[in-house]
Each structure stands twice: as C-alpha cells, then as structure tokens.
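Here is a brief report for a reader new to this structure. Look through the sequence and the model first, then read on.

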Amino acid sequence: MITNLTVKSFNRTTLLAVAPFLGIMLWLLISDIVVSLSKAAFPAAIAEQAPLDSAKVEEASAGLDIANLIAAETRQSIQKQLKLYNQTNAEMAKISSMAASNAMKPLLIYDRNITGKLGKPASTIESDKLRAQLFYKQAENFKYYALKVQLKSDRAMTMTLGKDSIGSSETTLAAVKRHKAVAGVNAGGFADGGGKRYPLSTTIVDGEYTGGFEATYADLFFVGLNDNNELIGGKFNSRQQLDAKKPKFGASFVPVLLRNGAPTKIPTKWQTSPKRAPRTVVANYKDDQLLFLVVDGYNESGSSGATLGELQLLLQRFGAVDGYNLDGGGSSSLVFNGRVINNPSDGQLRKLPTHFLFFK
C-alpha cells in the first residue's frame, strides 16, 4: 500500500516537471517563426566589370609607346655619357702619364749631365733596388775609379761591421761575399787595441750606436744615410743633433771636403800627413745619387795617390754637393760585381771594421 502511493506521487511529480517543456515544444510546432540574418553577415557581391572604352585603351597604348621612346632615348643618352666618361678617363690618364713623364725629364736631363761629366761607364748593375755605374778614370798624377749609385730602395745599401761584431774585421771583398752584395766600399776609420780593430768614434749600424755617441773632436765628422736614403754628415756636438738627422747607418773620419758645392778649408795637418795617398771619398748629388771616388797609390809615404785638394777639385768638376774623406791608404777598397777593382797599396785588401755594401 505504501509502495503504490510512492509511485503515484513520483509520476505526478515527473509530469509536473516536464509539463513546461512539452508546452514550449507544442508552441514551436504550432507557431510560424522565421529566422533572418542582417546584410552585414554576408560578403558584398562583386559587381561585373564594365568593358573599357576603346578610346581609353588607345590612349593608354599611346602612353606606353611614348614611355618606350623616352626609355630608348634615355638609354642612348646614358650610353653616350658613358662613352664620353670613358674617353675623358682615357685622356686624363694620358695627360697624367705625360705629366709624370715631363716631371721626370729634368731628373733624366740632370742625370745625363752628371753622368756625362764622368764619361762612359765601364760597367752597370741595374735592378729595381739600385743602379750602380762604374767608371775608370785617369788624372795627371794618379789613377782612380768612380762609382755612381742611384738608390731606389731602402734595402739597396747598408753599412756592416767586420764579421758583424765589434772589434772584428774583414776585407771588403769578404763582406761583399758574406752578405751576397753586388758592390762594396770601405767606410770609416779605425783604432787597434788588444788585438782587435774597432770603428773610430761615432758609428751607427741598423739605426743603433755601436759604441755610444762621441762628440766631434780633432776635425772628425760623421757621415752616413738617413731613413730617406739621403747622405747626411758633418760635425755634431750632441747626440740630439745627430738624432735629428735620423741616421740609419754611418761612420766617422776626417776631414769634410765639400759643403753645398764649395770646398771647405782642409786643416793643415791633413794637407801634409800624408800629402798624397790612396784615397776613398763619398759625395752626393742634388738628386741624392751617391758618388764614391777610390784612388790608387802604391804606398802610404805621401809620394803616390791624390791630395785632398785634388779630390775637392774632382768633386766640384763632377757636380757633387757635399763630400767627405773616408779612410784611405791601405784601407781604400772598391769591389764591384764580385771582383776587386782598385789596386790596394798593401798588395792585398786590408781587413777593416766597417764597410758600405750595395744590393741588387
């Protein structure tokens, strides 16, 4: 009995719960409901394109023809301008070459003039580093040799120590062979002591002072080359004076022979001690070429060779600017192309502490 009441109650409750939904469904079935969307929910329709007017087509075609014509004319103009540009460049290059050639003419003329004063070279060594010309000369009282050198590179010339060591010595020929040089000339004076041979006074090798700086005394001078391959020389009372010249290498001896093309006064001592002797001198030209003169003599007693006054006259005659007397007597040495050119007064080359060397 209790169970039946419970089922009836349940059915009644369920009917009451679903009654609203059943009512809504019946209402939807009976009603005429239309659902519509706004225009914004749909994409706009593409209107059919109207055909172009033939007149406009012809006008556009004519515009294209004109544009093509303008482009062709522009291309031709650019080609003409490019051709003119190339021609101008070629002409400018030609003018530049002519200007460089003309600029060299005075130097070539000058070189021809100074070479002409020396005569015809007996031998020439030329490379991208240097040009070295050897001349055999004869004066009234002596035979001598001239070596004119044009340095084209900072590696064309150097000064070396005998066996590359202070106190050591070797002949110029030995130094030339050891360093594979093409020519060599003796350099500064020397002093012997303790069985060794030392360079005289201030000496510079590879930009370094080999024994420190020594102020000028007893008419000594320093002569060498600077970083620009220019001959520098003279008397220096302080290291600062010499350093200002930027010396690359150089040696010392006596006396100065020429200054700015004019002969200097030779100290009395050096005019007579000895009067004549085998000699070696170095000088420069206005274009920085170098001139070495090496004089033959059969002894050092003063009876053979050249006087310093005679060498001054020769340097002036050859057009030199500054001139310096290097070590002479049995020290005079000239090696060219692997052989000894002068006739050493000792009968053989003397071993020396410094040598000027030239490289091909």
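## A salt bridge between Arg276 and Glu310

Arg276 and Glu310 pair through their side chains in a salt bridge, with 2.8 Å from N to O. The two partners are 34 residues apart, and the pair links distant parts of the chain. Arg276 sits in the loop between α5 and β15. Glu310 belongs to helix α6, which covers residues 308-317.

The model is a predicted one. In general, side chains of opposite charge can pair when their charged atoms come close.

## Arg350 and its two partners

Arg350 forms a salt bridge with Glu300 at 2.7 Å, N to O. Arg350 is in the loop between β19 (339-340) and β20 (354-358). Glu300 is in the loop between β16 and α6. The pair therefore ties together parts that are 50 residues apart in sequence.

Asp346 also meets Arg350 in a salt bridge, here at 3.2 Å from N to O. How accessible are these side chains' residues? Arg350 has a relative accessible area of 18%, so it counts as buried, the cut-off being under 20%. Glu300 is partly exposed, with a relative accessible area of 40%. Asp346 is partly exposed too, with a value of 41%.

How many salt bridges does the count come to? The total is 11 salt bridges. Among the residues involved in salt bridges are Asp111, Arg131 and Lys148, which are linked in a network.

## Two cis peptide bonds

Most peptide bonds are trans. Two bonds described here are cis. The peptide bond from Val254 to Pro255 is cis, with omega near -20°. Pro255 is found in the loop between β12 (247-253) and β13 (256-259).

Ser273 and Pro274 are also joined by a cis peptide bond. Its omega is about -5°. Where does Pro274 lie? Pro274 is in the loop between α5 (268-272) and β15 (280-284). Arg276, of the bridge to Glu310, is likewise placed in the loop between α5 and β15.

## Two residues with positive phi

Most residues other than glycine have a negative phi. Asn229 is not a glycine, yet its phi is positive, at about 60°. The loop between β10 (221-226) and β11 (231-234) holds Asn229. Is Asn229 buried or exposed? Its relative accessibility is 11%, so Asn229 counts as buried.

Asp288 also has a positive phi without being a glycine, here about 75°. Asp288 lies in the loop between β15 and β16 (290-295). Its relative accessible area is 32%, so Asp288 is partly exposed.

## Confidence in the model

The average pLDDT of the protein is 88. A score of at least 70 is reached by 81% of the residues. Residues 1-5 have a pLDDT below 50. Beyond near neighbours in sequence, this stretch has 0 contacts in the model.

Notes: Residues numbered from 1 in each chain as written. Predicted model: local features only at pLDDT ≥ 70, side-chain atom pairs only at ≥ 80, totals over all residues. Heavy atoms only, no water. Helix = DSSP H or I, 4+ residues; strand = E, 2+ residues; numbered from the N terminus. Buried < 20%, exposed > 50% of the residue type's maximum accessible area, 1.4 Å probe, protein only. Salt bridge = Lys/Arg side-chain N within 4 Å of Asp/Glu carboxyl O. pLDDT = per-residue confidence, 0-100. Contact = heavy atoms within 4.5 Å.
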